[in-house]
Amino acid sequence: MSRRRRLYEGKAKVLYEGPEPGTLVQHFKDDATAGNGEKHEVIDGKGVLNNRISEFIFTHLNELGIPTHFIKRMNMREQLIREVEIIPLEVVVRNVAAGSICKRLGVESGTRLPRSIIEFYYKDDKLNDPIVAEEHITAFGWANPQELDDIMSMAVRINDFLCGLFMSAGIQLIDFKIEFGRLYEEDTMRIVLADEISPDSCRLWDIKTQNKLDKDRFRQDLGGLVDAYREVAQRLGILSEADNALATGPRLVK
Ligand code: C5P
């Protein structure tokens with residue numbers, strides 16, 4: 001691993017040069033951060049679970065004809081992906097009010113939204129990823145109107161798929177964050193889904209108990225993060241109960 005060239009290190013992932021031109025290796029770390037990195041912990045087993053859950057979701061999306069950067073999982077912590085030019089936007093889809101929308105608009109957490117809402121945040125740690133309007137995105141050239149249309153229609157399709165997938169596992173998809181990139185192939189360019197979809201980037205509530213099965217367990221000091229992520233993986237049929245060995249080592253529950 002150390003012989004590969006490290007191209008980028010983020011809060012929860014590292015990108016290495018891939019084995020072939022146009023490919024990268026996406027490595028899932030165990031690091032959890034919140035509040036733009038103010039709170040940080042290493043949670044043994046998180047990266048392994050996110051790698052598996054994200055692989056499962058991206059594979060299904062590829063099969064549904066939603067283009068993604070994902071090629072294949074390589075090992076416990078790594079995926080082979082296509083190199084894309086990341087669009088500097090966090091695209092958030094919300095079905096139920098939770099998190100920042102409650103603070104910003106005074107909506108009560110848990111309120112079902114009359115229809116799904118798509119929001120955009122400009123990816124800039126120094127600015128704390130501010131929420132932006134479509135007008136800002138096209139005016140500053142972060143994406144053009146056609147790209148923004150593609151992003152929004154893919155976000156709606158991804159939300160439909162994920163809502164059904166999680167619903168069948170007894171889980172309500174409250175909201176999630178996705179990122180997109182430009183994939184250049186010969187003389188064409190298309191927008192594809194990039195990054196990851198995992199309990200780090202979604203809010204997932206158990207339908208029966210309303211228990212949180214996502215990164216809010218870390219943000220709100222609820223403990224049991226790895227157990228919750230493992231529960232999600234088991235309910236999706238990714239892990240059997242016997243696969244607990246996937247999260248080896250001491251379990252940090254609190
Ligand atoms: O904090 P907020 O309510 O805006 O988050 C909405 C959704 O986007 C949540 O599922 C959260 O986990 C995800 N998110 C993320 N990365 C960020 C900000 C939010 O994955 N930097």
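Welcome! At 6% relative accessibility, Ala 228 counts as buried, and its place is in helix H6. The model you are looking at is a predicted one.

**Ala 228 and its surroundings**

- Which residues does Ala 228 touch, not counting residues up to four places away in sequence? They are Lys 212, Leu 213 and Arg 217.
- Ala 228 and Phe 166 are 62 residues apart along the chain, and their C-alpha atoms are separated by 14 Å.

**Helix H6**

- Helix H6 covers residues 225-235, and its buried residues are Leu 225, Val 226, Ala 228, Tyr 229, Arg 230, Val 232 and Ala 233.
- The buried residues of H6 pack against several elements: H1, H4, strand E12 (171-185), strand E14 (202-206) and helix H5 (216-219).
- Just after H6 comes Gly 237, which takes a positive phi of about 85°.

**How H1 and H6 meet**

- Two packed helices are described by the angle between their axes and the distance between the axes.
- For H1 and H6, the axes come within 10 Å and cross at roughly 20°.
- Because angles under 35 degrees count as roughly parallel, H1 is roughly parallel to H6.
- The crossing of H1 and H6 is left-handed.
- On the H1 side, the contact involves Lys 46, Leu 49, Asn 50 and Ile 53; on the H6 side, it involves Leu 225, Val 226, Tyr 229, Arg 230, Val 232 and Ala 233.
- Sorted by type, the residues of this contact of H1 with H6 are seven nonpolar, one polar and two charged.

**Asn 51, a buried residue in H1**

- Asn 51 is part of helix H1, which spans residues 46-63.
- Is Asn 51 buried or exposed? With a relative accessibility of 0%, Asn 51 counts as buried.
- Leaving aside neighbours within four places in sequence, Asn 51 is in contact with Phe 28, Arg 73, Asn 75, Met 76, Arg 77, Glu 78 and Gln 79.

**The largest nonpolar core**

- The largest nonpolar core has 51 residues, and those with the most contacts inside it are Ile 158, Leu 162, Phe 166, Ile 178, Phe 180 and Ile 197.
- Helix H4 (residues 145-167) gives the most to this core, contributing nine residues.
- Ile 158 touches Leu 61, Ile 66, Phe 176, Ile 178, Phe 180, Leu 193 and Ile 197, once residues up to four places away in sequence are set aside.

- As background, most residues other than glycine have a negative phi.
- Asn 128 has a phi near 65°, a positive value in a residue other than glycine.
- You can find Asn 128 in the loop between strand E10 (112-122) and strand E11 (131-132), where its relative accessible area of 54% makes it exposed.
- Glu 186 is not a glycine either, although its phi is positive at about 50°.
- Where is Glu 186 found? Glu 186 is in the loop between E12 and strand E13 (188-194), and at 87% relative accessibility it counts as exposed.

Key: Residues numbered from 1 in each chain as written. Predicted model: local features only at pLDDT ≥ 70, side-chain atom pairs only at ≥ 80, totals over all residues. Heavy atoms only, no water. Helix = DSSP H or I, 4+ residues; strand = E, 2+ residues; numbered from the N terminus. Buried < 20%, exposed > 50% of the residue type's maximum accessible area, 1.4 Å probe, protein only. Contact = heavy atoms within 4.5 Å. Core = buried A, V, L, I, M, F, W, Y, C linked by side-chain atoms within 4.5 Å. Axes fitted to C-alpha atoms, helices over the stretch in contact; angles between N-to-C directions. Parallel < 35°, antiparallel > 145°, perpendicular 65-115°, else oblique. Left-handed = near helix turned anticlockwise from the far one by under 90°. Nonpolar A, V, L, I, M, F, W, Y, C, P; charged D, E, K, R; others polar.
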